[in-house]
Amino acid sequence: MDPALTPEQEAVRRTLRELLAKHCGPDEVRAAAAGPLGYDAELWHRLADQLGLPGLALPVAYGGVGLGPVELALACEESGRVLLPSPLLASSVLAATAVHTLGTEQQRADLLPALAGGARTGALVTAAAPALALGLVPAGAGDGLPDGTTAGGGRAGGVQARPAPEGDGWLLYGEAGQVLDGARADLLVVAAHTGGFPRSRTVLFLVEAGSPGLTRTRLAAMDDTRTLARVELRDTPAVPLGDPERDAGPALARTGRYAALAVAAEAVGAAEQCLTRTVEYVQVRKQFGRAVGSFQAVQHRLADVYVAVQTARSAVHYAAWTLERDESENEGDGEGEAGASATAVPLALAHALESLRTAAADAVQLHGGIAITWEHDAQLYFKRAAADELLFGPPHLLRTRAAERANLFGPTPVPARIPVRTPVRQEA
């Protein structure tokens with residue numbers, strides 16, 4: 001791995017940072033998040049036309065830019081720095097990756113160019129929380145059956161699919177409660193369970209906005225810059241994404257690695273912005289006749305945040321490199337072996353989420369009382385830190401999942417039974 005960025009990668013980061021600095025200030029972020037779409041459509045189209053951001057990591061053959069996970073991580077770091085409200089994560093990472101992984105050649109040609117060009121947006125619908133549905137955290141006893149299998153026998157859980165009675169197409173029934181950008185997306189990629197007990201499997205289906213039986217409700221979210229929706233399907237017609245006989249588990253796992261990388265990179269950018277603004281503030285805020293930043297206790301605290309941010313950035317860059325290497329070895333095949341990225345990506349996400357939580361909490365503390373007000377931007381970063389942990393997994397479970405994939409501890413040995421001798425009662 002070469003930690004140095006190429007001139008092309010530096011250009012991606014610099015250009016996006018300059019554009020967002022002009023068009024995505026704190027006031028613009030708040031206005032876009034409160035709008036009907038949850039993001040600024042004009043800015044999204046500008047990013048698509050000038051930088052190709054929606055299709056940054058998609059192949060050129062499908063209308064993308066043809067770059068890889070490293071460039072995607074750099075772009076997400078810049079979007080996270082300003083808390084950009086956009087369909088980047090939901091559409092360009094989650095939905096587009098699922099379509100590219102499982103879709104037929106015709107489906108890719110029909111769907112990906114519009115997603116890559118920003119003309120349409122997509123959303124991935126899973127009944128379980130994203131962290132569980134994408135395999136980022138292990139299934140616990142409370143997440144499904146006693147053996148840890150998600151409710152319904154597959155990762156979809158509460159959405160069921162059955163062939164239409166007329167024999168033409170499929171019908172979906174169920175609901176999902178935490179769908180990123182699900183209220184306004186043009187295309188929904190729905191994970192549904194089908195096959196019953198004998199042939200239980202998870203299949204991805206395509207549902208167009210406005211389909212019969214589809215109800216979408218935007219929810220009040222902790223993080224206003226990430227819109228969430230409840231999606232209800234009542235015998236909604238759908239088209240299978242790829243082969244309906246093929247289980248979508250590996251494709252969801254691949255999508256999860258891309259999503260985890262993107263969220264980790266956003267967390268690093270947000271954490272660095274918290275640190276930068278806090279350092280600026282403690283240099284001008286005076287207490288006891290001197291700048292707050294001159295106190296050694298404050299300096300030590302900010303030094304710890306700096307170390308956390310820099311080590312998290314290194315972990316994210318390494319995770320992006322491993323993911324790019326695994327993709328090149330598997331040639332983008334969702335059924336291929338995950339390789340080192342299966343452990344590097346969740347570990348990077350865990351470290352990045354912790355660094356953002358620390359940076360945001362210290363920003364609130366060192367800014368004083370003003371930081372807990374609605375008008376100050378520190379609360380936006382603090383909410384992003386809390387919401388990301390809820391959606392994409394607490395760090396300790398991300399590390400547990402990485403340890404499982406690495407077989408770090410091996411199978412749990414079953415203790416052998418020790419025969420117990422029954423004492424023989426002797427007659428007096």
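Of the 428 residues of the chain, 53% count as buried, where buried means under 20% relative accessible area, exposed over 50% and partly exposed in between, with a 1.4 Å probe and protein chains only. The model is a predicted one, in which local features need pLDDT of at least 70 and side-chain atom pairs count only at pLDDT 80 or more, while totals for chains, interfaces and linings use all residues. Residues are numbered from 1 along each chain as its sequence is written, and side-chain values use heavy atoms, with hydrogens and water left out.

The chain holds 12 helices and 9 strands; these are DSSP runs numbered from the N terminus, helices being H or I with at least four residues and strands E with at least two. Contact here means heavy atoms within 4.5 Å. Among contacts with a separation of 6 or more, 74% join residues 24 or more positions apart.

Two packed helices are described by the angle between their axes and the distance between the axes. Axes are lines fitted to C-alpha atoms, for helices over the stretch in contact, and angles run from 0 to 180 degrees between N-to-C directions. Helix α9 (residues 296-330) packs against helix α10 (residues 341-367) at about 155 degrees, with the axes 8 Å apart. The residues of this contact comprise 17 nonpolar, 7 polar and 3 charged; Ala, Val, Leu, Ile, Met, Phe, Trp, Tyr, Cys and Pro count as nonpolar, Asp, Glu, Lys and Arg as charged, and the others, Gly among them, as polar.

Helix α9 also meets helix α4 (residues 69-81), where the axes come within 8 Å and cross at roughly 145 degrees. On the α4 side the contact includes Pro69, Leu74 and Arg81, and on the α9 side Val316, Trp321 and Glu324 are among the residues involved. This contact divides into 8 nonpolar, 1 polar and 5 charged residues.

Leu58 has 7% relative accessibility and so counts as buried. Beyond its neighbours within four places in sequence, Leu58 is in contact with Gly64, Val65, Gly66, Ala96, Leu112 and Ala116.

Most residues other than glycine have a negative phi. Asp181, in the loop between β3 (170-180) and β4 (187-194), has a positive phi near 55 degrees. Asp235, found in strand β7 (residues 228-240), likewise has a positive phi, of about 55 degrees. Asp181 counts as buried at 14% relative accessibility, whereas Asp235, at 38%, counts as partly exposed.
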